[in-house]
Amino acid sequence: MGDVYFLSCPICGSDNVRLPFKPEDVKEVREGVKKLLVLPCCHESFKIVDSDSDYLLADRPLRK
Ligand SMILES: [Zn+2]
């Protein structure tokens with residue numbers, strides 16, 4: 001609890017990638033704050049534009 005993970009990185013496929021986001025960040029995203037997410041595994045960056053309890057929505061499709 002407390003960390004935000006991708007079970008699998010949508011870009012490089014790394015498992016259990018810990019994102020540099022805190023639950024507070026996810027909450028802010030939900031409130032309309034746009035944040036830049038840089039994946040620690042492959043250094044791809046995304047602008048995160050929305051989220052819900054399970055998903056982050058980026059400005060381009062996240063796919064494996
Ligand atoms: Zn990656």
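This is a predicted model: local features need pLDDT of at least 70, side-chain atom pairs count only at pLDDT 80 or more; totals for chains, interfaces and linings use all residues.
## The zinc site

Four cysteines hold the zinc ion through their SG atoms: C9, C12, C41 and C42, at 2.2 to 2.3 Å. The angles among the 4 donor atoms run from 104 to 115°, and the site is tetrahedral. For comparison, the ideal angle for four tetrahedral donors is 109.5 degrees.

Along the chain, the donors of the zinc ion are spaced as C-x2-C-x28-C-C. C9 belongs to the loop between β1 (4-8) and β2 (15-19), while C42 belongs to the loop between β3 and β4, so this pair ties together parts that are 33 residues apart in sequence.

C42, with a relative accessible area of 25%, is partly exposed.

## K35 in strand β3

Strand β3 covers residues 35-38 and includes K35. The relative accessible area of K35 is 17%, so this residue counts as buried.

The side chain of K35 forms a polar contact with the side chain of E28, at 3.1 Å. Leaving aside residues up to four places away in sequence, K35 touches F21, D25, E28, V29, F46, K47 and I48.

## S45 in strand β4

S45 is part of strand β4, which spans residues 45-51. Its relative accessibility is 34%, so S45 is classed as partly exposed. S45 and A58 are 13 residues apart along the chain, and their C-alpha atoms are separated by 9.7 Å.

How values were computed: Residues are numbered from 1 along each chain as its sequence is written. Side-chain values use heavy atoms; hydrogens and water are left out. Helices (H or I, at least four residues) and strands (E, at least two) are DSSP runs, numbered from the N terminus. Buried means under 20% relative accessible area, exposed over 50%, partly exposed in between (1.4 Å probe, protein chains only). A polar contact is a pair of N or O atoms within 3.5 Å; within protein, one must be able to donate a hydrogen and the other to accept it, and residues adjacent in sequence count only if both atoms are side-chain atoms. Contact means heavy atoms within 4.5 Å. Donors are N, O and S atoms within 2.8 Å of the metal (3.2 Å for Na, K and Ca); water is not among the atoms, so sites may look incomplete. Four donors count as tetrahedral if all angles lie between 85 and 135 degrees; four count as square planar and six as octahedral if opposite donors are over 155 degrees apart and all others between 65 and 115; anything else is irregular.
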